[in-house]
Amino acid sequence: MHHLLVNSPFGTEAATLLPRVETMIPVLYFGLFAMSFDFVSGYTGYLSFGHAAFYGTGAYFVILTANDKIPLLPAGTPFMVSLVVAGFVAVVLALAIGAVSFRLTGVYFAMITLGFAQVLYVFVRGWDYVGSNPRDGIFLNGANGLNVGVPGVDSLNLAIGALTGDEVSLGFVHLGQTAVSYYMIGLVVLVCYFAMQRIIHSPFGKVMVAIRENEERAVAVGYDTFRYKLGAFAISAFFAAVAGSLLAGYERTVSPDESFNFLVAGDALLASIIGGFGTLAGPLYGHLFDETVREFLSKDGGGLLPYLRTHLGSGIMETTIYNGLTVQGAIETFLNGHASLYVGALFVLFVLFVPNGLLGTLRDRLGGPVAKTVPARLWRNR
């Protein structure tokens with residue numbers, strides 16, 4: 001679809017407004033992490049500010065396995081196997097952290113999870129076992145890509161990676177390395193989304209929502225809320241680790257700052273608020289919105305400034321507006337390169353005027369989930 005739009009009569013505008021495939025891949029795996037954050041925080045009401053601990057665990061585990069530094073798992077372990085094992089390692093870590101953290105509520109819970117994550121962050125930054133310079137991160141040894149698919153069946157596996165991924169030709173359609181990585185990572189994210197969605201709509205998920213709405217009443221009717229909260233925390237940790245594994249599998253490198261840092265959980269919180277807390281899919285759209293704004297306001301690629309340079313011409317761009325300030329200078333000063341400033345302003349506006357986020361507000365307008373209400377309305381209007 002992106003390829004068709006870019007090559008349409010409105011291709012220039014589409015390239016300017018739409019995110020590139022290279023941007024969409026991080027949106028997918030970080031969107032999965034944000035969804036795992038929303039799974040526990042949006043459906044139980046307990047904000048996990050230390051959720052990056054599980055994201056980093058998955059990323060580091062996959063690369064350490066590929067580098068033959070995990071006991072019992074040789075370097076040739078299939079990526080999908082190490083990804084699943086990384087998820088279960090994160091589950092064990094979540095049970096240990098949650099057993100202590102869920103003794104507290106509110107801001108105290110948020111702060112203690114943040115504390116645990118920061119302990120892991122500092123530990124990994126100084127752990128020489130992971131690499132020669134752990135502060136800067138670790139790299140995947142070897143040139144081969146990591147395969148997504150069915151372990152042991154070569155015909156059902158495709159390698160992901162910006163430079164090491166596979167290419168596929170299907171008739172007249174040729175998918176390059178980036179496109180193959182996009183579809184394979186998207187497939188994993190989709191499976192994880194449906195799995196979380198199924199859990200949320202199960203009796204277990206109903207208790208999660210009951211805890212969020214009124215935990216005292218849930219206890220009064222006989223539910224052991226501590227165990228349900230711990231279970232939700234562990235499940236969310238599993239999918240957070242899967243997201244981190246996809247990050248490592250595609251980038252072939254990971255650092256403490258992009259995985260274990262508390263700011264990573266802050267980005268997930270931002271995506272959840274923009275997309276809609278307690279919607280599960282909302283954080284993915286929230287992060288997509290964030291990245292689209294950042295790319296649009298960038299100075300490179302298909303951003304606003306290159307588009308205006310092409311369509312306004314040098315004459316208009318060099319026109320003086322006031323006191324030596326040209327049109328191009330005004331754009332560079334007030335727009336391009338200041339994406340974080342405008343994303344922050346949009347975040348404040350969302351909190352004030354769209355508290356339910358993009359998807360949450362859309363659901364409110366439609367009167368229910370989009371997947372149910374839209375087909376029902378189309379059927380009635382036949």
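I keep in mind throughout that the model is a predicted one. With a relative accessible area of 41%, Asp-257 is partly exposed, and I see that Asp-257 forms a negative surface patch together with Asp-136, Glu-251 and Glu-258.

**Aromatic pairs**

How many aromatic pairs does the structure hold? I find 20 of them. The pair I followed up is that of Tyr-46 and Phe-109, which is edge-to-face, with 5.2 Å from centre to centre and 85° between the planes. Because Tyr-46 lies in the loop between α3 (21–44) and α4 (52–66) while Phe-109 lies in helix α6 (residues 106–125), the pair ties together parts that are 63 residues apart in sequence.

Are these two residues buried or exposed? Tyr-46 is buried, at a relative accessible area of 6%, and Phe-109 is buried as well, at 0%. I also note that Tyr-46 and Phe-109 belong to one aromatic cluster, which they form with Phe-54, Phe-102 and Phe-233.

**Salt bridges**

Glu-213 forms a salt bridge with Arg-212, and the closest N and O atoms are 2.9 Å apart. Here Glu-213 counts as exposed at 56% relative accessibility, whereas Arg-212 counts as partly exposed at 32%.

In another salt bridge the side chains of Arg-227 and Asp-224 meet, at 3.3 Å from N to O. Arg-227 counts as exposed at 64% relative accessibility, and Asp-224 is partly exposed, with a relative accessible area of 37%.

I also looked at Asp-290 and Arg-294, whose side chains meet in a salt bridge at 2.7 Å, N to O. Why are Asp-290 and Arg-294 separated by about one helical turn? They are 4 residues apart in helix α11 (residues 282–296), so about one helical turn lies between them. Asp-290 is buried, with a relative accessible area of 5%, while Arg-294 counts as partly exposed at 25% relative accessibility.

Terms used. Residues are numbered from 1 along each chain as its sequence is written. This is a predicted model: local features need pLDDT of at least 70, side-chain atom pairs count only at pLDDT 80 or more; totals for chains, interfaces and linings use all residues. Side-chain values use heavy atoms; hydrogens and water are left out. Patches are made of residues with over 30% relative accessible area and no salt bridge: like charges are joined within 9 Å, nonpolar side chains (Val, Leu, Ile, Met, Phe, Trp, Tyr) within 5 Å. Accessible areas come from the Shrake-Rupley method with a 1.4 Å probe; for residues, only the protein chains shown count as cover. A salt bridge is a side-chain nitrogen of Lys or Arg within 4 Å of a carboxyl oxygen of Asp or Glu. Lys and Arg count as positive and Asp and Glu as negative; His and the chain ends are not counted. The place of a charge is taken as NZ of Lys, CZ of Arg, CG of Asp or CD of Glu. Buried means under 20% relative accessible area, exposed over 50%, partly exposed in between (1.4 Å probe, protein chains only). Rings of Phe, Tyr and Trp (its six-membered ring) pair if their centres lie within 6.5 Å; planes under 30 degrees apart count as stacked, over 60 as edge-to-face and the rest as tilted. Helices (H or I, at least four residues) and strands (E, at least two) are DSSP runs, numbered from the N terminus.
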